[in-house]
Amino acid sequence: MIFALLFLWILFGVLSGGTFVSPRNISNLFRQMTIISFLAIGMVLIIVTGNIDLSVGSATGFIATVVAYFQVYIFHQMIAPFFTMLFPAIPLAVLGVLSTVFALVISLITGSLIGLWNGVIVAYLKVPAFIVTLGGLLIFRGLMIAVTGGKSISPLEKSLGDIYNGYLPKEIGLVLAFFVICFIAFAILRQRNKRKKYGLDAGPLVSDIAKICFFSGLVAAYVLFINSYYGVQVPVLVMAIVAFLFAYLSGNTRLGRYAYAIGGNMEAARLSGINIKTNIMKVFILMGALIGVAGVVLAARVGTGAPGGGETYELYAIAACVIGGTSLMGGEGTILGALIGSLVMASLDNGMVLLNIPSFAQYVIKGLVLVFAVWVDVATRKTRE
């Protein structure tokens, strides 16, 4: 998939006369992929357990409208007067930041409750996830219209908009890159020492050094390239942190291992003592929390609470997972693969818009790419069997 991504970048770079690979466009490309990436990261675990979540797009749009409604109608009319009474000299900018912090907390709670709703019905009431989340798609779309009254809610705070439009100072980006490179070296060498400690073959040291150089080079090249524009984008930094946390969760915690076991063979997982209902519910709650993050970023992106927000996001998130190697049969998939799949989808969108390809052709091409990815998944499974 990485080679396919490189092929797309070279193709679009040549056809656009270099515009596609300019620092400005690459910066926008990574920013554009963030919302789908948040959903795809959570969707990996959902699909790995053998389920699906079709409500994530509507739920993301619903949370974006909740955030907008809170900032415009609740905070400034009910909460801000309380703060000004306690602290008469409080600046308006600080009130704006407080409003954004409250909105973040509300979105995470709302998203988690949505995940809990889906998880309880799927895991404990035994209703198929496809039906539950298809119903959720309609429910949250309806609630979105109810909250907005069919109209956009604005204006939102600048501090909220900075979550999507902001940049880190270039110096801080370089410092972060240094620490990330140190962490990469530490993680690879620690893994090598652990294998030695347990008497396993650690492989040649040169191979590990080559890995450190490769991944460190990618990080350094990205930061230096993006710094030639305005610097590291805030939503990309948030996406990287979330991806790291979920990659750790999926590969190093009991919940992650159980999720793969449930999707690989549910009956074997049950016989081995895994509480299937509880773990599936937890995975849906995590998905809900990520919907909350995506909802905030969506509100920050459009600067308003729009009644049509998040439409078809569920399809893009599922497509990103499948393109990134997550098996729709369950049991297989990685967070890194979902990120690469999101980047492929965003590259297709961005490149075709740059080339002024008609919108009908864009849908056809993206659909063909998705069908091809699923065919590869099915063919690979048959070959293994």
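Start by selecting helix 7, residues 158-165, where the buried residues (under 20% relative accessible area with a 1.4 Å probe, protein chains only) are Leu160, Gly161, Ile163 and Tyr164. Look down the axis: these four cover an arc of only 140°, so they sit on the same side of helix 7. The arc is taken from the directions from the helix axis to the C-beta atoms, and helices are DSSP runs (H or I, at least four residues) numbered from the N terminus.

A word on what you're viewing: this is a predicted model, where local features need pLDDT of at least 70 and side-chain atom pairs count only at pLDDT 80 or more, while totals for chains, interfaces and linings use all residues. Residues are numbered from 1 along each chain as its sequence is written, and side-chain values use heavy atoms, leaving out hydrogens and water.

Now show what covers that buried side: it includes helix 2 (23-32), helix 3 (34-48), helix 4 (56-86), helix 5, helix 10 (234-252) and helix 13 (276-302).

Next, click Leu160. What is it in contact with, leaving aside neighbours within four places in sequence? Val67, Gln71, Thr100, Val296, Ala299 and Ala300, where contact means heavy atoms within 4.5 Å.

Move on to helix 5 and pick Thr110. Is Thr110 buried or exposed? Thr110 is buried, because its relative accessible area is 18%. Beyond its neighbours within four places in sequence, Thr110 is in contact with Phe62 and Ile63.

Last stop: Tyr124, in the loop between helix 5 (92-123) and helix 6 (129-148). Its relative accessible area is 37%, so Tyr124 counts as partly exposed, the class between 20% and 50%.

Terms used. Helices (H or I, at least four residues) and strands (E, at least two) are DSSP runs, numbered from the N terminus.
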